[in-house]
Amino acid sequence: MSEKLLLLEDQAIALGALHAGISGVYAYPGSPATEITEYIQQSPVSVKRNVYSDWCTNEKTAMEAALEVSYVGKRSLVCMKHVGLNVAADAFINSAITGTHGGLVVVAVDDPSMHSSQNEQDSRFYGKFALVPIFEPSSQQEAYDMVRAAFDLSEQVMLPVLVRLTTRMAHSRAIIRTRPAREQNRLSFPEDRGRWLLLPSHARRRYNVLLAQQASLGKASEESPFNRYAEGSDKGIIACGIAYNYLMEAFDGKCDRTILKISQYPLPGKQIRQMMHSCREILVLEDGQPFVEEQLRGVLDESGKIKGRLSGEIPRAGELTPDQVKTALGVLPEIGYETCPDLVPRPPAFCDGCGHKEVYEILNTVIRDYPDAKVFSDIGCYTLGGLPPLRAIDSCVDMGASIPMAKGAADAGLYPSLAVIGDSTFTHSGITGLLDAVNSKSNLTVLISDNLTTAMTGGQPSAGTGKIEDICRGLGVEPDHLHVIVPTDQNRQQIETLIRCEIAYNGVSVIIPRRECVLMLQRKNKPARA
């Protein structure tokens, strides 16, 4: 039975996957992708169908678990933000070599303009690198329909399929119309067991199979209903994903130019050749990096025929906007809003009562006595410690980098070298760095600031809750130099003394400041107050 629902694109992806008959969803929380898994977890459809959902330790373990669901013949979804695909890359690239059995769809949500991220990479390059099909919806309805088509294609070609979204679409709503749901697959197993065993002899054979599939994948793109070609004037426009919406908005839905809408990759060669032949210039509109433009300019760079981010018609950095599209098309943008000169910027700040803030205030007091001290931090709410007025950290590069960077600095002779990492980030990718430090007996002090949740992305469970001390002991941290403290103003003097003592210790010491996230505590106490 069909329904009409108002959904975010993230939610449309989630519902499409449920209706496509998934048996499991695996993810690590990260904006702007978090809402996909949350929708599945909260959906009555998931309960009725007994769909397994799990917040994994990191994106790599999520990808591997989803691949194993595919191995036993069932359909699985794995979700992450773009930088999470870096973490999952080993499993993702190799899954194209093993191929799939049950349908496997990988959703990566990119963040042009870095609204909540440390870079603005384009996940389409990963799909091309892995030689797998890529889908890029241009509307919420297309997202719902496309994820269903992606599962079908995955089982047809026996490859994982990458679905790429961007922030603006992921977090905007529109009406979608649903279609009847299909049943989940039954357990079954691949006949060729060798393709899942990536010894070099097997992997070489599988890679040749993957290469041989590329022509058929290109033909599928050329015949895809999600890619549309409309002949018009001799000025051509290629619009990818959300850019197609902006194009239609610029011309009120009536554009007389030749248009190629691309939402399925690899590039539809037939339509591109047709456009090359009939158009004297081509403007490429895409949200993210010049993925399509670079492929076209490779053979036509000197002609000046291809326009886009590389030629300056569209700004090189940041997300694509409707006004940028209008300017590139020669359509005057609407009058924008002037910035109020007296408006004071309001950067993000710690919540009142946040334990992370207390940790940094104490740490700032301590390191004043050490002129060369450096604090290497990580990805999470506590990264706000780098902003005024605290300015308490010296680096934040990627998930789990704090401890290895502190180790490297200590190995190079820095004293004191300190690392600050959150509980969820520690289990995501900080454990191996601590093991390196223990094995090499590096001289550093690690603070694992534990707020008992994955707070930055909305309070999902943290894989390390209740286990962090045991993990540290298991890694070889000396019990005499492993401490749990409660970061409060009353304990401040005691904590300052403890940090100074551990800085003086020549080896690896770990201090775990533990205080529940104030927002999660308020949420927990809300029913009682009501």
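Buried means under 20% relative accessible area, exposed over 50%, and partly exposed in between, with a 1.4 Å probe and protein chains only. The model is predicted: local features need pLDDT of at least 70, side-chain atom pairs count only at pLDDT 80 or more, and totals for chains, interfaces and linings use all residues. Residues are numbered from 1 along each chain as its sequence is written, and side-chain values use heavy atoms, with hydrogens and water left out.

**Stop 1: the whole chain**

Switch to cartoon. The protein chain holds 19 helices and 19 strands. The radius of gyration is 25 Å, close to the 24 Å from the globule rule for 530 residues, so the chain is as compact as a globular protein of that length. That radius is taken over C-alpha atoms; the rule is 2.2 Å times the number of residues to the power 0.38. Helices (H or I, at least four residues) and strands (E, at least two) are DSSP runs, numbered from the N terminus.

Now show the C-alpha trace. Along its principal axes it spans about 75 × 65 × 55 Å.

**Stop 2: the open sheet**

Select the seven strands of the open sheet. Their order is β3-β2-β4-β5-β7-β6-β12, with mixed pairing. β3 and β12 (264-265) are the edges; each has a single partner strand, so one side of each lacks a neighbour in the sheet. Two strands pair if DSSP finds at least two bridges between them.

**Stop 3: strand β2**

Select residues 22-27. Is strand β2 buried or exposed? Six of its six residues are buried, so the strand is largely enclosed by the rest of the structure.

β2 and β4 pair in the parallel sense over five bridges. Pick valine 25: leucine 77 in β4 stands opposite.

Which way does β3 pair with β2, and over how many bridges? The sense is parallel, over four bridges. Pick tyrosine 26 and find aspartate 54 of β3 opposite.

**Stop 4**

Select β6, residues 134-135, together with β12. These strands run antiparallel, joined by two bridges. Phenylalanine 135 stands opposite glutamine 264 in β12.
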